[in-house]
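Here is a friendly briefing to read alongside your viewer. Please keep the sequence and the model open as you go through the points.

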Amino acid sequence: MDSDKRYNEYKRPEHKKKFYASTQWKRVRQSILKRDKYLCVRCKYYGRNTEAVIVHHKKPFEDYPELRFKRDNLVSVCRGCHNTIH
């Protein structure tokens, strides 16, 4: 994969950094990881058990701000799958 196209959480705009640092997001993130048993749901679909470290918005919160905390819009993924998605 081209490193220029890899998702880079450190290049986030300030409003996104503030969102991901919020207490509410941290609580929701933890509950989603727990719901998904800390496993990447994409890897699990292919029969692999990979630790999930990221909670991904299926529909981006900048386009759908009303869905940013909705559980059915959030999924646990590993870093590799998250990079593939982005």
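Trp25 is buried, at a relative accessible area of 3%; buried means under 20% relative accessible area, exposed over 50% and partly exposed in between, with a 1.4 Å probe and protein chains only. This is a predicted model, in which local features need pLDDT of at least 70 and side-chain atom pairs count only at pLDDT 80 or more, while totals for chains, interfaces and linings use all residues. Residues are numbered from 1 along each chain as its sequence is written, and side-chain values use heavy atoms, with hydrogens and water left out.

**Aromatic residues**

- Trp25 belongs to one aromatic cluster together with Phe19, Tyr20, Phe61 and Phe69.
- Rings of Phe, Tyr and Trp (its six-membered ring) pair if their centres lie within 6.5 Å; planes under 30 degrees apart count as stacked, over 60 as edge-to-face and the rest as tilted.
- By this rule there are 7 aromatic pairs.
- In one of them, Phe19 and Tyr20 have ring centres 5.0 Å apart and planes at 75°, so the pair is edge-to-face.
- Tyr20 and Trp25 also form an edge-to-face pair, because their ring centres are 5.4 Å apart and their planes stand at 80°.
- Phe19 is buried at 9% relative accessibility, and Tyr20 is buried at 18%.
- Away from these pairs, the charged end of Lys59 sits over the ring of Tyr64, 5.3 Å from its centre; the criterion is NZ of Lys or CZ of Arg within 6 Å of the ring centre and within 35 degrees of the ring normal.

- Helices (H or I, at least four residues) and strands (E, at least two) are DSSP runs, numbered from the N terminus.
- Which residues of helix 1 (residues 14-21) are buried? They are Lys16, Phe19 and Tyr20.
- These residues lie on the same side of helix 1 because they cover an arc of only 90° around the axis, taken from the directions from the helix axis to the C-beta atoms.
- Glu14 and Lys18 are exposed on the other side of helix 1.
- The cover over the buried residues of helix 1 includes helix 2 (23-35) and strand 1 (54-57), where contact means heavy atoms within 4.5 Å.
- The axes of helix 1 and helix 2 come within 5 Å and cross at roughly 60°; axes are lines fitted to C-alpha atoms, for helices over the stretch in contact, and angles run from 0 to 180 degrees between N-to-C directions.
- That makes helix 1 oblique to helix 2, since angles under 35 degrees count as roughly parallel, over 145 as roughly antiparallel, 65 to 115 as roughly perpendicular and the rest as oblique.
- Phe19, Tyr20 and Ala21 of helix 1 meet Thr23, Trp25 and Lys26 of helix 2 in this contact.

**Loops**

- Asn73, in the loop between strand 1 and strand 2 (74-77), is buried with a relative accessible area of 4%.
- Leaving aside neighbours within four places in sequence, Asn73 is in contact with His56, His57, Lys58, Lys59 and Leu67.
- Lys37 lies in the loop between helix 2 and helix 3 (41-45) and is exposed, at 59% relative accessible area.
- Phi of Lys37 is near 60°, a positive value in a residue other than glycine.
- Tyr38, found in the loop between helix 2 and helix 3, is partly exposed at 36% and has a positive phi of about 60° although it is not a glycine.

**Whole protein**

- The protein has 4 helices and 2 strands, running α-α-α-β-β-α from the N terminus on.
- Of its 86 residues, 30% count as buried.
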